[in-house]
Amino acid sequence: MRQEFLMKPIAHIRSDFSSKFGVPRQSGLVDTLEALVIFEPEYRSSDALRGLEGFSHLWLIWVFHQAIRERWSPTVRPPRLGGNARLGVFATRSPFRPNPIALSAVALTGIEDADEGPVLRIRGADLVDGTPILDLKPYLPYADCLPQAQGGFAGSSPAGEVLKVHFPPHLLNRVPLERRNALQEVLALDPRPRYQDCPQRVYGFGFAGLEIRFSVEGDRLTVRDVIPGNSMPSGNP
């Protein structure tokens with residue numbers, strides 16, 4: 001029986017990433033990345049969060065709002081495989097899915113009262129600024145942590161394949177002090193698409209209201225420039 005379900009966001013993320021380029025490929029890879037969960041007006045109820053303070057981590061269920069397509073394909077090219085092999089969409093975490101929904105585990109570091117109602121402060125999110133959140137649920141270690149699980153073609157963490165980052169001091173000084181560690185960890189994970197490997201090419205992405213420009217040769221990433229961005233995130237996480 002064919003059914004359709006109407007869903008609407010309960011919240012949105014406020015993060016340092018103005019576009020999907022540069023965002024870590026999975027949640028938790030850069031644990032120093034901070035973000036905020038801002039609830040939509042009708043869900044700004046402290047009662048809805050009662051008891052959440054007892055949990056250290058959350059599941060965020062959200063929408064790939066920058067990757068919505070009219071048609072879906074049964075196979076995709078995972079970046080982890082360099083874009084050279086096709087696998088079934090349901091065997092990957094590709095954003096190009098029949099229903100563009102995603103799941104991220106993040107650390108909950110605080111619940112704060114703000115002008116926008118209760119706000120969740122989180123770490124380790126892999127979401128673009130403004131991403132719609134459909135739901136959130138507490139992470140349960142006894143049920144959600146399965147150390148014996150097999151990871152298929154993505155069995156090893158990309159955190160073990162880091163680049164050496166050269167960030168000239170005069171450019172690093174343009175980055176707010178509290179953002180520097182997170183940015184350098186993001187760069188070390190190599191934000192480029194896996195199929196691109198041109199030492200002469202200069203890449204760029206938005207981070208914390210700045211445009212970060214860099215190039216990569218071998219296992220060394222060099223930051224070329226840090227420029228005030230034209231499109232600022234919707235607030236500081």
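Colleague: Is Cys145 buried, partly exposed or exposed?

Modeller: Cys145 counts as partly exposed, because its relative accessibility is 40%. Buried means under 20% relative accessible area, exposed over 50%, and partly exposed in between, with a 1.4 Å probe and protein chains only. This is a predicted model: local features need pLDDT of at least 70, side-chain atom pairs count only at pLDDT 80 or more, and totals for chains, interfaces and linings use all residues. Residues are numbered from 1 along each chain as its sequence is written, and side-chain values use heavy atoms, with hydrogens and water left out.

Colleague: New topic. How many helices and strands are in the chain?

Modeller: Three helices and twelve strands. Both are DSSP runs, numbered from the N terminus: helices are H or I with at least four residues, strands are E with at least two.

Colleague: Which strands close into a barrel?

Modeller: Six of them, in the order β1-β2-β7-β6-β3-β8, with antiparallel pairing. Neighbouring strands of this sheet are turned by 45° against each other on average, direction ignored. The axes are lines fitted to C-alpha atoms, for helices over the stretch in contact, and angles run from 0 to 180 degrees between N-to-C directions.

Colleague: How many bridges pair β1 with β8?

Modeller: Two, in the antiparallel sense, between β1 (residues 11–14) and β8 (residues 132–138). Two strands pair if DSSP finds at least two bridges between them. Ala11 has Ile133 of β8 as its bridge partner.

Colleague: Now α3. Which residues are buried there?

Modeller: Helix α3 spans residues 180–188, and its buried residues are Arg180, Ala182, Leu183, Val186, Leu187 and Ala188.

Colleague: What covers the buried residues of α3?

Modeller: The cover includes β9 (164–166), α2 (169–172), β10 (203–207), β11 (210–217) and β12 (220–228).

Colleague: What follows α3?

Modeller: Asp190, with a positive phi near 65°.

Colleague: Last one, the whole chain. What share of the residues is buried?

Modeller: Buried residues make up 40% of the 237 in the chain. Of the contacts with a separation of 6 or more, 70% come from residues 24 or more positions apart. Contact means heavy atoms within 4.5 Å.

Colleague: And what box do the C-alpha atoms fill?

Modeller: Roughly 50 × 45 × 35 Å, taken along the principal axes.
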